[in-house]
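Trainee: Could we go through this model together? I would like to begin with how the chain is divided.

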Amino acid sequence: MASFSSHPQPGDRVSSWGYSFIWTSDHLRKEEIEPLRQQYDTSASLALERLQAIRATLMEESKLKGTSAPPNDLYVLLRDHRGDDEILAQFWAEVNTVPDWVNWEQLARAQRFFYRYAIANIVGFALQGFVAENSAAPGVVEVLVRTGGFSTRMLLGRLLSTFQWLIQVTHGIDSIRPGGEGHIASVRVRLLHASVRQRILQLCRTRPDYFDIERFGVPVNTLDSIHSIAIFCCNPMWLQLPKFGIQPTPDEVEDYIALFRYVGFVLGTPTSYFESVERAKCTMESLLMHELRTTETSRTVAFNFVECVTNLPTPFHISKAFIEAGSRWINGDELCDELELGKPGLLAYLLFSSHCVLVVAVAWLQRLLPSLEELLITSLRKLMYGGVVQRKSRTRFEFKYIPRTGKRVGKEAYRVDDTATAKGGRGSSQLWSTLFGIFGVGPYEMALLFVFVVSGGAMLGGVLGVMQIVRGY
Ligand code: HEM
């Protein structure tokens, strides 16, 4: 658990879940952050109400005229009706403004950073950003379990949707300029957050005990949003990549934070907390200290995540032990014990350390051979865009998992018929599943095991060979 008083003084060493740092006067005090819990993105909430009213009117008209129903897509409604209403015009101008601190070249470099360390970034986000930080941020998880998207059955879809957004905002510079694909996706997500907030607040009006606003703040509040942006851009720099053995350069850190400062701006999150690397680091550390507390709900979200990921179809299947070893490697035993994650055996740790060696080796090769780096960045960009953004079931970030009283996600064991993907995968690769089942690992781990055994064998052979030569002389 975090070791500190809740009011550390400048110069105090603060330790939170295995990460320690010196508290300074630039860190955010509890009294400073607490009011942010009751603040939220009012312009998106007002715009949402207007869009709903416009849609209701259009619905009436279409019924009377017998024409087709108006679009459900809030972004399309906003774009088409921004001239009809002052609030919509203001919101449109806000999301399409480019702050003067935006430097497109810098943001383009940051987008490349995501693909340069793609595997480490993705595994880091899943194991640290999601399992640890998201699960242990009480206000955030309370919202998440009220939207059914965090049930084991739906979680994969939700993770893919978030991943889709991440790929859209890192695809290319035109994608995040106003009107670009990543920009539009972010405006949609902003309106989606406003819908989640509106729905939960509506339910609270008739059932005040539905969501504890005093304790957790307004749903999707300003503090939680700052925290989420920090998870996306600060955690990879200081809590994730270094654990894999990758140390981003100071320029890479500055670029990546600048990218998410801008994305946060489009999403309606205050940007001053990310205006420099030092400020962003202080923001991350302050939230790590004030906000990370595990609750029963954290355990539910972490449990469902492990159930979902370990039941992916072949070839994506990853063993539970591998996820647990990775989580413990990155987040430490203390937090993982709190989240009730299992304790895996030595093999899982060996495999995860092989994964880290592989990630570091590729990173070094990329630094040595710029043409290899270019090839990897271009291919991964294409591959991920094709596989995730252009997939048939791509999302338009509609409000799918609508909170209802009495509906709350609990711990759920995975069932074989839970997703269509799982069914397809299982049926077509029974042989592989059986093979991996014998070893209790997934294909990626099997490949790591292979590399580990072969490189271990080669090293041993090399050593024996050198000894032979030495003895010969
Ligand atoms: C500011 C940084 C944030 C980013 C970049 C972000 C990103 C996203 C994305 C990409 C989606 C779409 C996924 C989908 O359609 O399933 C989404 C949905 C959602 N987000 Fe966020 N989010 C942020 C902050 C938050 C916060 C602070 C909360 C809650 C406390 C939250 C709660 C939700 C919920 C409940 C949904 C799903 C809505 C549904 O059921 O369809 N998000 N977010």
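Trainee: How far apart are the C-alpha centres of domain 1 and domain 2?
Mentor: The C-alpha centres of the two domains lie 30 Å apart. The assignment gives domain 1 (42–96) and domain 2 (104–417), and such bounds come from an automatic or database domain assignment. This is a predicted model, in which local features need pLDDT of at least 70 and side-chain atom pairs count only at pLDDT 80 or more, while totals for chains, interfaces and linings use all residues. Residues are numbered from 1 along each chain as its sequence is written.

Trainee: How many residues of domain 1 are in contact with domain 2?
Mentor: 10 residues of domain 1 are in contact with 14 residues of domain 2; contact requires C-beta atoms, placed from the backbone, to lie within 7 Å.

Trainee: And which helix supplies the largest share of that side of domain 1?
Mentor: Helix α2 does, with four residues. Helices here are DSSP runs (H or I, at least four residues), numbered from the N terminus.

Trainee: Changing topic: which residues touch the most other members of the largest nonpolar core?
Mentor: Y256, I257 and F305 do, in a core of 110 residues. Such a core is a set of buried Ala, Val, Leu, Ile, Met, Phe, Trp, Tyr and Cys residues joined through C-beta atoms within 7 Å. Helix α14 (residues 250–266) gives this core its largest share, 10 residues. Both domain 1 and domain 2 contribute at least three residues each.

Trainee: What does I257 contact, leaving aside neighbours within four places in sequence?
Mentor: I257 is in contact with C233, C234, F274, V277 and A280.

Trainee: At what angle do α12 and α15 pack?
Mentor: Helix α12 (residues 222–233) and helix α15 (residues 277–291) pack at about 115°, with axes 10 Å apart. Axes are lines fitted to C-alpha atoms over the stretch in contact, and angles run from 0 to 180 degrees between N-to-C directions. I226, H227, A230 and C233 of α12 meet A280, T283, M284, L287 and E291 of α15.

Trainee: Last topic, the backbone: what is the phi of F397?
Mentor: Phi of F397 is near 60°, a positive value in a residue other than glycine. Most residues other than glycine have a negative phi. F397 sits in the loop between α20 (370–389) and α21 (420–428).

Trainee: Is F397 buried or exposed?
Mentor: F397 is buried because 24 other C-beta atoms lie within 10 Å; the cut-offs are 20 or more for buried, 12 or fewer for exposed, and partly exposed in between.

Terms used: Helix = DSSP H or I, 4+ residues; strand = E, 2+ residues; numbered from the N terminus. Contact = placed C-beta atoms within 7 Å.
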